[in-house]
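The structure comes first, and the notes follow by topic.

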Amino acid sequence: MSKKFYITSPIFYPNGELHIGHAYTMVVCDIFARYHRLMEEDTYFLTGADENSAKIEKTAAARGVGVGPFLDDMTDQFKKLFADIGASYDQFIRTSDQKVHWPGAQAVWKRLVDVGDIYKSAYKGLYCPDCEAFYTEKDLVDGNCPFHHKPPQVIEEENYFFKLSKYTERIKKAIETGELEVMPVSRKNEILAQLGRGLDDVSFSRPAKTLGRGIPVPGDDSQIIYVWCDALVNYISALGYGTGNDELFKKFWPADVHVLGKDILRFHAAIWPGMLLSAGLPLPKRILVHGLIMSGGKKMSKSIGNTIDPKVLLDEYGKDAFRYYVARHIPLFDDGEMTMDIFKESYNAGLANGVGNLTNRIMKMAEMNLAEPVAIPKKSIPQNFKDAFESFDLNKAADIIWTEIGAMDLFIQENQPFKLIKEDKEKAIEIIKGLVVRLYTVGRMLNPILPETSDKIKAVVKKNKMPTEALFLRK
């Protein structure tokens with residue numbers, strides 16, 4: 001039985017264009033998915049859009065279009081950006097999909113009802129319309145939403161609730177023991193601190209007249225399933241849970257890793273595990289929480305004027321350049337810095353003068369001096385590279401590749417096979433052959449990070465030809 005690997009991105013909110021942070025999340029997910037495919041594991045990569053929202057209805061109305069056409073257009077924009085960054089996802093789920101998603105959400109709801117964990121009650125709460133989430137007083141920062149920095153609305157209505165408080169200790173134990181691993185440790189400690197203060201029951205529905213768009217509560221059409229039992233369920237509804245066709249669910253669940261930003265940690269490390277425990281379903285194995293891309297030491301913001309449009313970046317430098325920067329220069333578990341000047345400098349040093357120049361040098365010597373392509377060993381990926389990926393140390397994996405690129409450059413300078421060929425042809429040819437094998441290995445290792453570049457390197461090695469054009473033109 002082959003190993004399986006199931007990785008998910010968050011499902012993104014289609015209320016506006018995606019920004020560089022979304023592109024970053026998707027590249028991280030894609031790199032890990034491609035690595036596990038490279039290891040010949042049965043891999044499934046899920047992404048999608050969170051489409052059930054009153055705010056989306058308002059945005060569509062403001063643009064003078066229907067909700068359906070608006071969502072279709074936004075989905076097309078998402079998929080275009082994902083294609084531009086080379087994201088090789090297996091499924092794009094939409095929570096408005098009544099055939100794929102709704103059965104799973106309603107099936108989970110029924111499971112929670114069956115075990116007595118859903119109840120109805122009047123509710124007066126603090127609601128942030130931008131988050132579309134309720135908060136308690138202790139969640140607020142100086143009386144404001146912790147993410148939008150505005151005072152929440154006071155809303156009073158009758159909703160269904162989920163007994164999340166019942167599962168506080170079980171969730172805490174799962175995280176403490178590593179049954180549910182939260183990475184990095186700082187985020188693990190953050191969620192454990194929240195669990196230590198105790199979890200409150202959470203509102204699980206809202207009146208249909210208020211929420212408008214969404215999945216009806218089974219047996220009560222006056223209520224709409226609220227975001228937790230809607231959006232979070234995408235991770236299993238996409239696999240067929242609740243549809244009667246659950247082969248993918250049986251094969252891939254539990255998820256090997258949910259990749260997400262720190263602003264939605266509580267949802268994934270408290271509410272989602274509580275739901276799964278209540279429903280009697282396995283917990284995901286791991287939650288990987290990445291940092292933010294900063295610019296000039298500050299969070300990117302249109303009001304500050306330090307945003308970087310991913311479309312502009314991709315048009316100028318290409319997808320592999322963006323992927324390289326993410327893998328090599330953004331610390332996965334901390335906030336990272338990106339400006340156009342830093343990006344250009346990195347591009348020239350690591351790509352144009354790095355892997356691009358090395359490929360040209362080696363393949364020029366090979367084409368001029370080797371009668372036929374070099375025989376390539378089938379398994380040549382170093383163990384330390386595998387170890388880095390298995391421990392989710394993306395930056396270390398990238399550094400291993402560029403350390404090898406630097407070592408090969410130094411080896412060429414010290415041995416000068418292009419000169420040695422005139423004095424000791426046999427020895428020079430053996431050196432060149434060895435360099436070609438090492439270059440092919442670099443090409444293999446680049447597969448998850450720079451898929452286009454990887455394919456080009458492996459192709460020229462197999463043909464024993466120089467690239468017809470430079471892999472990366474200096475900017």
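A salt bridge is counted where a side-chain nitrogen of Lys or Arg lies within 4 Å of a carboxyl oxygen of Asp or Glu. The model is predicted, and a search of the whole structure finds 23 such salt bridges.

**Salt bridges**

- D30 and R323 pair through their side chains at 2.7 Å, N to O. D30 belongs to helix α1 (residues 20-38) and R323 to helix α12 (residues 319-329), so this bridge ties together parts 293 residues apart in sequence. Both D30 and R323 are buried.
- K251 and D42 form a salt bridge at 2.4 Å, N to O. Because K251 sits in helix α9 (residues 247-252) and D42 in strand β2 (residues 42-49), the pair ties together parts 209 residues apart in sequence. K251 is partly exposed at 42% relative accessibility, and D42 is partly exposed at 26%.
- R438 and E404 form a salt bridge at 2.8 Å, N to O. The pair ties helix α17 (residues 425-446), which holds R438, to helix α15 (residues 394-415), which holds E404, across 34 residues in sequence. R438 is partly exposed at 26%, as is E404 at 22%.

**Cysteines**

- The structure holds zero disulfides.
- C145 is buried at 1% relative accessibility, and C229 is buried at 0%.

- The lining of the largest cavity consists of E17, L18, Q77, F78, L81, P310 and K311, divided into four nonpolar, one polar and two charged residues.
- Helix α3 (67-84) and helix α11 (310-317) each supply at least two lining residues, and the largest share, three residues, comes from α3.

How values were computed. Residues are numbered from 1 along each chain as its sequence is written. This is a predicted model: local features need pLDDT of at least 70, side-chain atom pairs count only at pLDDT 80 or more; totals for chains, interfaces and linings use all residues. Side-chain values use heavy atoms; hydrogens and water are left out. A disulfide is a pair of cysteine sulfur atoms within 2.5 Å. Buried means under 20% relative accessible area, exposed over 50%, partly exposed in between (1.4 Å probe, protein chains only). On a 1 Å grid over the protein atoms alone, a cavity is a set of points where a 1.4 Å probe fits but cannot get out, and a pocket is an open set with protein on both sides within 12 Å along at least five of seven lines; lining residues have an atom within 4 Å of a point. Helices (H or I, at least four residues) and strands (E, at least two) are DSSP runs, numbered from the N terminus. Ala, Val, Leu, Ile, Met, Phe, Trp, Tyr, Cys and Pro count as nonpolar, Asp, Glu, Lys and Arg as charged, and the others, Gly among them, as polar.
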